[in-house]
Amino acid sequence: MEHVNRVVVIGTGAVGSSYAFALLNQGVADELVLVDLDKEKAEGDAMDLNHGLAFAPANKNIWFGDYADCQTADIVVITAGANQKPGETRLDLVDKNTKIFKGIVEEVMVSGFDGIFLVATNPVDILTYMTWEFSGLPVNRVIGSGTILDTARLRYQLGHYFDIDSRNVHAYIMGEHGDSELPVWSHATVAGSQVTNLIKKYPERYNEESLDEMFIQVRDAAYKIIAKKGATHYGIAMGLVRLTKAILHNENAVLTVSGYVHQKYGQEDLYIGVPAVVNRSGVREVIELNLSEKEKEQFNHSAQLLKKTMAPVIAKYRDE
Ligand SMILES: NC(=O)C1=CN([C@@H]2O[C@H](COP(=O)(O)OP(=O)(O)OC[C@H]3O[C@@H](n4cnc5c(N)ncnc54)[C@H](O)[C@@H]3O)[C@@H](O)[C@H]2O)C=CC1
Ligand SMILES: CC(=O)C(=O)O
């Protein structure tokens with residue numbers, strides 16, 4: 001009998017419901033279960049999505065459920081918790097969202113879940129680590145969305161600047177999904193040409209200041225969107241669907257996720273945004289790029305900031 005893919009989304013707020021909508025439109029999972037503290041909201045979303053089934057690419061089962069539904073899930077996506085208010089950083093959310101995650105992850109594990117966790121709630125790198133810690137699952141089966149969205153934002157900016165389809169732009173943002181992230185210019189290519197070479201070759205058209213400006217646009221994008229509409233959700237929802245597909249279709253796709261980094265990039269025991277090969281096993285491997293000296297320093301700074309923020313959180317929950 002053919003395997004029926006089940007995805008459970010926990011937290012059907014702006015991000016979770018946009019993810020559910022994108023998943024349905026792209027015909028990705030066979031079964032989609034919506035769980036939220038706000039049961040009325042999740043039930044309403046399930047009804048609403050079911051009414052779109054007649055227009056979806058394939059028939060799907062969607063329902064409003066609970067933690068017991070996680071038992072046979074292939075993927076549990078966590079998008080529950082507080083989002084940033086204007087002026088707040090992602091790291092400011094660490095205490096309240098870790099507390100929420102402890103409850104959620106424990107309930108998921110009580111169900112007998114033995115699949116892959118996909119985490120999007122901020123601060124995503126730290127909450128991915130805590131999900132790993134709370135669940136006891138192997139590191140490859142706990143994945144954060146990391147810098148998948150930031151990388152997409154950079155590809156969009158570069159595609160616009162060089163007037164090339166962003167799908168033909170390869171460039172990564174690494175590090176914290178947050179203010180200390182970095183652009184990996186040493187490995188950025190547009191239509192097969194190194195971005196740094198294009199700048200040198202066509203100084204009348206392109207310049208380094210524009211690259212710096214593009215990175216600032218990427219790094220600060222969430223603040224700008226939150227100031228305008230209170231939340232960002234479509235971009236990350238599509239990034240999460242991309243990750244879901246890479247897992248369920250065993251793609252070996254290279255995506256910048258929050259992956260477990262140990263004895264790579266000079267780091268130990270940390271979840272952070274890195275390019276990784278994603279397939280049915282989760283993260284098959286973290287790719288270690290040969291970074292420039294400046295990029296190494298920036299990555300290290302980002303890693304140290306995450307470690308410093310995470311240390312009291314880990315200590316608190318390990319003591320409990
Ligand atoms: N990783 C990324 O690139 C991105 C991450 N985010 C993050 O995603 C998270 C969610 O953001 P939004 O959807 O905008 O927030 P939201 O407030 O719209 O939705 C959060 C949902 O979580 C639910 N919830 C809270 N506690 C829960 C619990 N214990 N169990 C089950 N459900 C619970 C709430 O009822 C609500 O429906 C935030 O932390 C935000 O910062 C947002 C955009 C991009
Ligand atoms: C909110 C958030 O993390 C983002 O849009 O990047």
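1. The UniProt annotation "binding site", from an unreviewed entry, covers Arg155 and His170. They span 16 residues in sequence, yet no two of their C-alpha atoms are more than 6.9 Å apart, so they gather at one spot. UniProt positions follow the numbering used here, feature names are shortened, and annotations may be inferred rather than shown by experiment.

2. This is a predicted model, in which local features need pLDDT of at least 70, side-chain atom pairs count only at pLDDT 80 or more, and totals for chains, interfaces and linings use all residues. Residues are numbered from 1 along each chain as its sequence is written, while chains are lettered from A and ligands numbered from 1 in the order in which they are written.

3. Start with Arg155. It lies in helix H5, residues 148-162. Helices (H or I, at least four residues) and strands (E, at least two) are DSSP runs, numbered from the N terminus. Is Arg155 buried or exposed? Arg155 is buried, because 23 other C-beta atoms lie within 10 Å. The cut-offs are these: buried means 20 or more other C-beta atoms within 10 Å of the residue's own, exposed means 12 or fewer, and partly exposed is in between, with C-beta atoms placed from the backbone. Not counting residues up to four places away in sequence, Arg155 touches Ser166, Val169 and Ala171. Contact means that two C-beta atoms, placed from the backbone, lie within 7 Å.

4. Now His170. It is found in strand S7, residues 169-170. His170 is partly exposed, because it has 17 other C-beta atoms within 10 Å. Leaving aside neighbours within four places in sequence, His170 is in contact with Ala188 and Thr189.

5. A further "binding site" feature, again from an unreviewed UniProt entry, includes Arg90, Asn122, Pro123, Arg153 and Thr232 among its positions. Arg153 sits in helix H5. It counts as buried, because it has 22 C-beta neighbours inside 10 Å. Setting aside residues up to four places away in sequence, Arg153 touches Val218 and Ala221.

6. Thr232 is in the loop between helix H8 (221-229) and H9. Thr232 is buried, with 21 other C-beta atoms within 10 Å. Its contacts, leaving aside neighbours within four places in sequence, are Ala222, Ile225 and Ile226.

7. Which residues are around ligand 2? They are Arg90, Asn122, Leu149, Ala222 and Thr232. A residue is near a molecule or strand if its C-beta atom, placed from the backbone, lies within 6 Å of it. This shell divides into 2 nonpolar, 2 polar and 1 charged. Here Ala, Val, Leu, Ile, Met, Phe, Trp, Tyr, Cys and Pro count as nonpolar, Asp, Glu, Lys and Arg as charged, and the others, Gly among them, as polar.

8. Check the backbone at Asn122. The peptide bond from Asn122 to Pro123 is cis, with omega near 0 degrees. Pro123 is in the loop between strand S5 (116-119) and helix H4 (124-135).

9. Asn252 is not a glycine, yet it has a positive phi of about 55 degrees. Asn252 is in the loop between helix H9 (234-248) and strand S12 (253-261). It is partly exposed, with 13 other C-beta atoms within 10 Å. Gln263, not a glycine, has a positive phi of about 55 degrees. Gln263 is in the loop between S12 and strand S13 (270-279). It is exposed, with 9 other C-beta atoms within 10 Å.
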